[in-house]
Amino acid sequence: MRRALLCLSLSALFVMGIAAPALACGGLVNPNGTVSLLRTSTFVGYFDGVEHYVTSFEFAGGGEKFGSIVPLPGVPTDVKRAGDWTLQRLAEEVAPPVFEAALADGDERAAASGVEVILETKIDALDITIVKGGGDSVGRWAKEEGFALTPDAPEILDFYARRSPYFMAASFDVGRAEDLEQSIGDGTPIHLTIPTDRPWVPLRILSLGRKPQATVSADVFLLTDRAPTLLPAPKPKDTPRGMVLERSEEAPSLLLTDLRGDKGMDWIPPADAWFTYLRIDKRAGKLVHDLAVSVNGGEPNWRDAGYVLPPVDEAPSDESLLGTLFIVAAGTAAVGLLIRRKVRSVAR
Amino acid sequence: MKRVWLPLACLVAFGACGSAGASTDERTITIEIEHSAFIPTDVYVRSGERVRFVVVNNDPIDHEFIVGDEHIQLIHEEGTERHHGARDGEISVPAGATRATSYTFEEAGRLLYGCHLPLHYDYGMRGDITIR
């Protein structure tokens, strides 16, 4: 049987601010107006119609609630702790550079905002909530939950909600972090299993909370069973800025062996995978698209890249919910991708 | 930021919304907020006129509406006042809410309106008021 795999990782998916001087990932809006950008790494894989999404949230200290929100392509059926060094190993592959819990039934506490809580779980000091809703309702829910949204959040939430109604909110419980003796910078890796058939990577979300002229830097690693077609098409190797295709080759066997050796990563194939590395250095104001990936020989969908949005009154269906993060081509696809956002701090 | 062309701005400012004032001396101008942007971004009023601004926040996040010159805007940008409503031309508008504030434009000239929650003004949440 042909193995299909999609692995994707990205960092700092969705900034949601916080009312405290600490945040898990993305951007943090402090009371004095500064923005602290921390790193979150994610790894998502697709195998036999199931996407494995692995991300890491970095503890940033602080005395109050803080966290982030990540748009998801579908409803997770499992959320658990993931391996600890997969992302690091992938990053080391291209340059001298995560993740358990039982699912819990969602409750009704989000009813006021119109958001449906799909599931809630705790992983170490992280409180994970998967919600379903429109951009406005997810924003209201997040606000009710204590997240402080940056001013660009309403537009970006709408941008993603028109393609997928699923979002993951992750917030650190500072008390539990202290009980676990977590230090600033400690990452908590999580692994989401998401059945889906179309992979795509959210890039625009990396610009959240940043000034238009600020640079978004990210590393994207993609692992598929064949060379993928990407939209937008990346620039050639060594181009200084933009989304640059630095490597596109048969995945080294040592890399696959190392990745498979991490906790919970045995779904990665032992051989016959294609490795792609994209380096992104782009102004936030120009990063208005996502990355559509086709692994079945066809052309990527413009809607999946965010260039074309569904009509406002066309709510995403459960079948098309693959919105925000990635799209995996049906059945045969095998994509592995990881984005590692570089640590940055921007003071305004 | 979305901009409303002069004719529409004038329409808004000079009578299209003139019936909802709190008193017979006030004219009402409605300001919508969508995706952290004021609509319209240009408003025209007459000197000596008292205007009631009805601010409709369609966003899931809080905003505020502050009328004043650049100095006032700077004070608010650097200030720490969390809620507004006690002074004319200054109002906090919670997510999804509609609030109103009135302001008397004494002299011809130019004023601004803006939101000074962290990062909002830099993001472009501002508009111009031309007083004729």
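What follows is a short exchange about local features of this model.

Me: What kind of model is this, and how is it numbered?
Reply: This is a predicted model, in which local features need pLDDT of at least 70 and side-chain atom pairs count only at pLDDT 80 or more, while totals for chains, interfaces and linings use all residues. Residues are numbered from 1 along each chain as its sequence is written, chains are lettered from A and ligands numbered from 1 in the order in which they are written, and side-chain values use heavy atoms, with hydrogens and water left out.

Me: OK, chain B: how many helices and strands?
Reply: Chain B holds three helices and nine strands, where helices (H or I, at least four residues) and strands (E, at least two) are DSSP runs numbered from the N terminus. Read from the N terminus, the order is α-β-β-β-β-β-α-β-β-β-α-β.

Me: And how much of chain B is buried?
Reply: Of its 132 residues, 50% are buried, meaning under 20% relative accessible area, with exposed being over 50% and partly exposed in between (1.4 Å probe, protein chains only). Among contacts (heavy atoms within 4.5 Å) in chain B between residues at least 6 apart in sequence, 66% join residues at least 24 apart.

Me: Which residues in chain B have a positive phi without being glycine?
Reply: Among them are B:H35, with phi near 50°, and B:S36, with phi of about 55°. B:H35 lies in the loop between β1 (26-34) and β2 of chain B, and B:S36 is also found in the loop between β1 and β2.

Me: Are those two buried or exposed?
Reply: B:H35 is buried, at a relative accessible area of 19%, and B:S36 is buried too, at 1%.

Me: Where are the cis peptide bonds?
Reply: One joins B:I39 and B:P40, with omega about 5°, and B:P40 sits in the loop between β2 (37-39) and β3 (42-45) of chain B. Another joins A:L231 and A:P232, again with omega about 5°, and A:P232 is in the loop between β15 (229-231) and β16 (242-250) of chain A.

Me: Switching to chain A, why is helix α3 called largely enclosed?
Reply: Seven of the nine residues of α3 (residues 153-161) of chain A are buried, so this helix is largely enclosed by the rest of the structure. The buried residues include A:I156, A:L157, A:F159 and A:Y160.
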